[in-house]
Amino acid sequence: MNAISPNPSRAYDLNFARYVYENIDGGERLRMCMQCGACSGSCPIGQQMDHGPRKLFMMIRAGMKEAVLTSNTIWNCVSCYNCVVRCPRKVPITYILHDLANLAVREGFDAAKKADNARFAKAFMWSARKYGRTDERLVTGIYYFSFGLLEGMKRGMGNQKIALNMIKTKRMHLGMPHAIKAKDELQNILAKAQEIQDRHGKGA
Amino acid sequence: MSRTLTYYPGCSSQASAVHLDKSLRAILPPLGVQLRDIDDWNCCGASVGHIEAGHLANSALSARNLANAKAAGPEDVVTPCAACYLNTHYVNESIRGSETLKGDLNEALGVVGKSYDGSLHVRHICELLVTDIGMDAVKAQVKKPLTGLKVAGYVGCQTVRPFANTERANKFDSYDDPTFLDDFTQACGAEALPFKMRTHCCGGSVSVMSPDKGLHLIKELLEEAQKLGADVISTPCPLCQTNVEMYQPEINKRFGTGFNIPVVFYSQLMAVAFGLDPVKDAGLDQNIIKSDKLLGR
Amino acid sequence: MSDKPKSQTVLVVGGGIGGISAALEAAECGAEVVLIEKAPTLGGRVAALNRYFPKMCHPTCGLEINYQRIKKNPRIKVFTMAEVSGISGSKGDYTVTVTTTPRHVTPACTACGDCAKVAASEVADPFNYGLAKMKAAYLPHAMAFPMRYVVDPSVVGTPEGQAIKAACKVEAINLDEKPESFALQVGAVIWATGWKPYDPKNLTMYRHGEIADVITNVEMERLASHDGPTKGHILKPSSGEAPKKVALIQCAGSRDLNHLAYCSRICCLASMKHAAYVREQYPEAEVDIYYIDIRAHDKLEAFYQKAKADPGIRWIKSKPSRIEKGASGEPVVCGENTLSREVYANAYDLVVLATGMQASAQPPAGAQLDDYGFVVSEEGVFGAGVATGPLDVSMSVQSATAAALRAVQAVRS
Amino acid sequence: MEKKIGAYLCKGCGIGEALDFKALEGVVTKEFKKPVKSHECLCGEAGLAVIKADMEAGEVTLPVIGACSPRVMTDRFMFPGMTPIRANLREQVIWSHPAGDEDTQMLGEDVLRMFMTQATKVNSPVPYTEGEFSTTILVVGGGFAGLTAAREAVKAGHDVLLVEKKATLGGHAASWSAIVPSKPPYHDPETNPLPKLIEEVKASSAIRLVTGATVTKTSGMPGKFQVELSDGSSHTVGAIVLATGFRPYDATKLSHLGYGASPDVVTNVEMEAKLSAGKVHTHAGAAPKSVAFIQCAGSRDPNHLPYCSSVCCSVSLKQAIQLTKADPDVMVYVIYEEMRTPGVTEEFYRAAQEAGVIFMKGKASKVEGRHGITVTVADELLQQDVPLGPLDMVVLATGMVPNSTDPDAPAQEYGAELLNADINPYPTEGDYKPAASAPPGGSLLNLQYRQGPHLPMLADGFSDSHYICFPYETRRTGIYACGPVRRPMDMGEAHEDAMGAVLKAIQVIRNAAEGMAVHPRAGDLSYPKINLNACTKCRRCTVECPFGAIDEDEKDYPVVNPTRCRRCGTCMGACPVRTISFDNYTVEMLSSMVKAVNIPDEFDEKPRILIIACENDAYPALDMAGIAGHQYSSFVRILPVRCLGSMSALLISDALSVGYDGVVLMGCKPGDDYQCHFVKGSAMAKERLSKISDTLKSMQLEVERVTMVDASIADSARLPKVIDELVAKIDAVGPNPFKGF
């Protein structure tokens, strides 16, 4: 665990909420939320969310930091932006959820390590960092095996038919991953960005 | 009259959406657009990069692309991929709107001697077709109208929605009830079905990583398309195309359905209607579920 | 005061309840008043309402009193089908250009109705918000003031137009009438241009116009009105059946930065009124009210408490995210109940969108507007009623009475 | 000038085809021996020329126009100095009854008889213009609304007498640090306008300022109110604006919210004082780092104030914004049930959110602790009880109690009793329980009126007429309440309200001087005249007048105050000996009109039923039934009255004694949600009707013959059915045995 954001000491201690306002991408508009529920109601998989964005935002105000950063709401976002266009207060909900997920990853919450989305993101960025491009085959593979060898094989087998179809239609690339020429350059840029990010102590 | 635009194909152009890239490169020149790829373009981070990398590092991915694009010229950057558009446009507009972010990103770019000033314009290819090219020009290229083909136009989420209600918007259509895809269909001489689930979500990358969470969404889409008697589903989005197509056998297995509906890109429809080669130009052999009607079988 | 204003006439623009009130209050203080109205009849939005909250009385009752006051007051001149096309000058000395739309019926009309009997074609009926059609020669409604017919321009130059003209025994049809402009010299101007319902087409997620049984609150008023398209029976537009389950959706456009940034003030109370209409006509019917905050200001709280005591009305604190079309074409309201965290999808027979109020006319140069398009009063040019912001009827009349005082002050000094 | 009646009958709009004009003309010439002229289109230029020529030649001074309803063509049939009599042959005869029918013809002839009779009975009214009329406006209350009223009245050219109870001007708002915005962009607290307003009022030579004084006596009437003040001075004023404002709800009753238990639990008024002082601090003297506002502290609570005080939400927003502006680190919470920021005030809600204020939907169930207070919130959005604290301060957003009485003055027993008897226009279902009795305290104006010293108020204690279309309707003509004494309101609305009240004050002054009525019968020159020789001193007129216009002299005789009168005629209807009349409206006139109808004998099987209809609602509804082509029985005869309250019970017995088979009264809905624009006219009619059964019994008639129907103006489709049902019902009772007497 690596507490980046402050830990509230009591209900509605605003130190965490204020951290979110100031440091989370789009967080400055979070204070405008009037709890109408349009976001949670518009989410395609809102029924699969423990809290939904609306309640999650109230929990941020209530200082329920751990409950927020371990909530499945931040991992289940399908990035459809339905909530963003519906929000009567123009809160950029999707961006906030993504950045909260990043905060959860950085703070090292166990839930963040276990979440599908976090595992997938890790695999994805591994490819993007290493090759400058994402190789869907490698990303999926690494993602599957992040659950362990057995589970990875199980998932791989389960999707064998799909993979085969993709290979047959030449939509899954089998040789060396596609890569950019200036890999070092990109890695240097990313390293510097990471450094600035850490310097700010935040994602932005 | 021909113009050259900077093109950002995105990672899917080399993998799951190679047929989108192929068909676009076939239809755009006749419509007067030459594409010049961003030099050594890299991944945009899609919808998950942010989670792992953080906002700034994720933005740095797009910043490098924009820096390379700007170095080649001031032309608009166009991209066919919803996620690429989303990230590149967002970062571009964020740089315009925030001196801090602009400073941070240029500091990062600076380590390799690059920089970006936020002066480019990032656009989706569909917007280009709607706003700059126009349907009259598209119709003018149609040699083999797709008469009788019933098309469910599935727009998905990210092409029209992300900035719809902000000052960042490239407002070319409604985020709830966009009609551009139907216009494309009709321009090709095909029948646009009243597909009301056109902006319902397919689950995006969540469907990829956790099918349990998203498959029912795809099922609902297919049900509606089947009910309408769709010959094909047309879409502009690489991930939508892949999700809706590749999961059909799995959905049939789980829900006892019998879906076998081809899912194609609008650009593939245009390529065929323009009288180009269904395989070589439209890449229709690269669809898992083949459309016999389009392949002329 | 030494410098008397050049003109002591007060111009009131807009003949709804605000404009009528402003005109009367000023005239009954001795001012000369010109009242102009865009539509063929006075009465504005309230004339199309079935009842007022909280008394559930009929708006036409107060209009009747006001029309009597106008008829008996020689100081008020009324021009209908007239609009202001320009204003110049300053306090005490304005020149106002008024442009009229042809009514094609002269003041000789006796309202006998012979023209309507021969009119064959039908045109959209704005009084019924397009829920019904009317003959191309029509009386806008039974309470129209002036009580004079209108011939729709669509029949001008047609055989039907000629037949209509021929049917009039008093030769009151003039198909050659053209738009005209004239100038007025006035000392003060009151903008009482009222409101228009926020266009539900902008609320794409609620699919008004696509799902037949999704209607707006102003349409609900017409359905409930005895002189409306269903003669006062609240029926599903899709089938003409009685609804058993009705949803009333608050803030359809209001309190939404994507639509109307302000609260339209009246919608909560109007919806409670609509719940009462439904419950009165169909005692077995269930009504669900979706809301963000129930805004029953001051003593109107009593009206809220009365509605709350009705077991047939359910209150769901939620801004619905969208309306889906159900298997039989019925509206399905989807969203999150914020008090229970339930993500719901509830099917209804009828859904009423409580669309808000939008400023209805952009006054020509001379009036100052706020960011929302509402009139901000200044020297010589004043706002009255909903032209100044979202108000209920009582507050509109209050505002109009204040505007009358401003005008009276302006033309005396 | 000698009255010369002439009838003009119109054949237009189908009347000529539907009715036998020879017979109609015969009614005028043979029965009334008056000249008659028929015309193809009377309202056209040629038709009007016929009437005008006769009038100019002096042959006719009072035309009776048998044509369309008096509700239409009013402007065209308006002749210099007089209003003609209109017999409605179109809407209520030929449009609602079959053409060429025997019964329609009889109806048409009877309508003509009724209105020819009216013509013979009316006289041009002579207005009341006796004595001197004052144009000074008395403003009671020197708070924001009163000061605004005073300033605006002066701007309109009137002198003002401003009376304030306290030694200083400004009321509660005088010391407020800032106010809720009412100007675009509605985003930031605005500067308190009061200090400047006070200066303006003080500097005005047209305002006579009396501070530290109250009104001890008010008598007279609009244009000539006699007012005595506690400083011993007396004044004549033309109209009165009552702007006595509000007092904050007594927080000592809110001990359940911690008031009194901790010095750091304060009211919003106390918080305002701290903000005005420039530095907010706790009892211990420290700047607070955490503050919670509890909304609806006493409001919307059946145990305290049943209504919403309207302003508390935005006042808390303002104070919260001010606290965060002073110290960005302070944590501010607003605990609310419904956030009420109607209209453009929504922007102010957003402004508070922008400032970082936290809004918690729920109820404060417990407030504990003296220092470091903990508020237990039933947090509805988190769905759990949340202990909020320790807090440095808690602010109770207390509501408004109207100063519709003077809490510092003793209550007058007589007044309280009359107040309690007032109509309660608000529903009592649900949790809304209005006060059962008048608020404590004495009268503000000490009206020397038969009907008591108070300006009538509603059950919730606010002075108001509660009309929707006519918010300045008042039950004491010439006295207009404004500001929070009328309805809970913020300063923006109070400003408009004060202006509205001033307009009405100016209007009443102007009209009173010319002997003209104000709303709703604006311009009416008639007023009730009482023949005291016949008066039995029964007091019904003084008690029943909805506007308290009639007092009693020392010998108990009624005294009419003409400019208080609104000309509804309720007094005329109340008088058991028909001794109250208007120049153009008398019981005798109505009775003669009723009797003018030809009653067929019982063997004709043509019953006659008299409908006495309110001319504002029932009568137009019947007109509109005609416009819509709804048909109803031709056996009814419709008598329009100013208000059903002006209907004397004697009219019913007159009708029955001449052989009508039944009488139907059509008036506006009485009771809680009364719809009578004379407040209680229809209620009075209902009461009189309840007592008529004795009369019927004495005449040995069935009670079913007389019915009252609630009729609204929107009943054009319903009333024809109601009429037909009643006709059938009365017909079933059988013919009136008095027929032919």
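Tutor: Two residues are counted as in contact if their C-beta atoms, placed from the backbone, lie within 7 Å. With that rule, the contact between chain C and chain B takes four residues from chain C and five residues from chain B. This is a predicted model, in which local features need pLDDT of at least 70 and side-chain atom pairs count only at pLDDT 80 or more, while totals for chains, interfaces and linings use all residues. Residues are numbered from 1 along each chain as its sequence is written, and chains are lettered from A and ligands numbered from 1 in the order in which they are written.

Student: How do the residues on the side of chain C that touches chain B divide by class?

Tutor: Ala, Val, Leu, Ile, Met, Phe, Trp, Tyr, Cys and Pro count as nonpolar, Asp, Glu, Lys and Arg as charged, and the others, Gly among them, as polar. On that side of chain C there are one nonpolar, two polar and one charged residue.

Student: Which chains have the most contacts among the five pairs that touch?

Tutor: Chains C and D do, and their contact takes 75 residues from chain D and 67 residues from chain C. Helix 12 of chain D gives the most to the side of chain D that touches chain C, with 11 residues, where a helix is a DSSP run of H or I with at least four residues, numbered from the N terminus. The residues on this side of chain D divide into 37 nonpolar, 19 polar and 19 charged. By contrast, no contact joins chain B and chain D, whose closest C-alpha atoms lie 18 Å apart.

Student: Is C:Asp114 buried or exposed?

Tutor: A residue is buried if 20 or more other C-beta atoms lie within 10 Å of its own, exposed if 12 or fewer, and partly exposed in between. C:Asp114 is buried because it has 21 other C-beta atoms within 10 Å. This residue is found in helix 3 (residues 114-118) of chain C, and it touches C:Ala167, C:Cys168 and C:Lys169, when residues up to four places away in sequence are not counted.

Student: At roughly what angle do the axes of helix 5 and helix 15 of chain D cross?

Tutor: Axes are lines fitted to C-alpha atoms, for helices over the stretch in contact, and angles run from 0 to 180 degrees between N-to-C directions. The axes of helix 5 (residues 102-121) and helix 15 (residues 587-595) of chain D come within 8 Å and cross at roughly 155°. That makes helix 5 of chain D roughly antiparallel to helix 15 of chain D, since angles over 145 degrees count as roughly antiparallel, under 35 as roughly parallel, 65 to 115 as roughly perpendicular and the rest as oblique.

Conventions
Helices (H or I, at least four residues) and strands (E, at least two) are DSSP runs, numbered from the N terminus.
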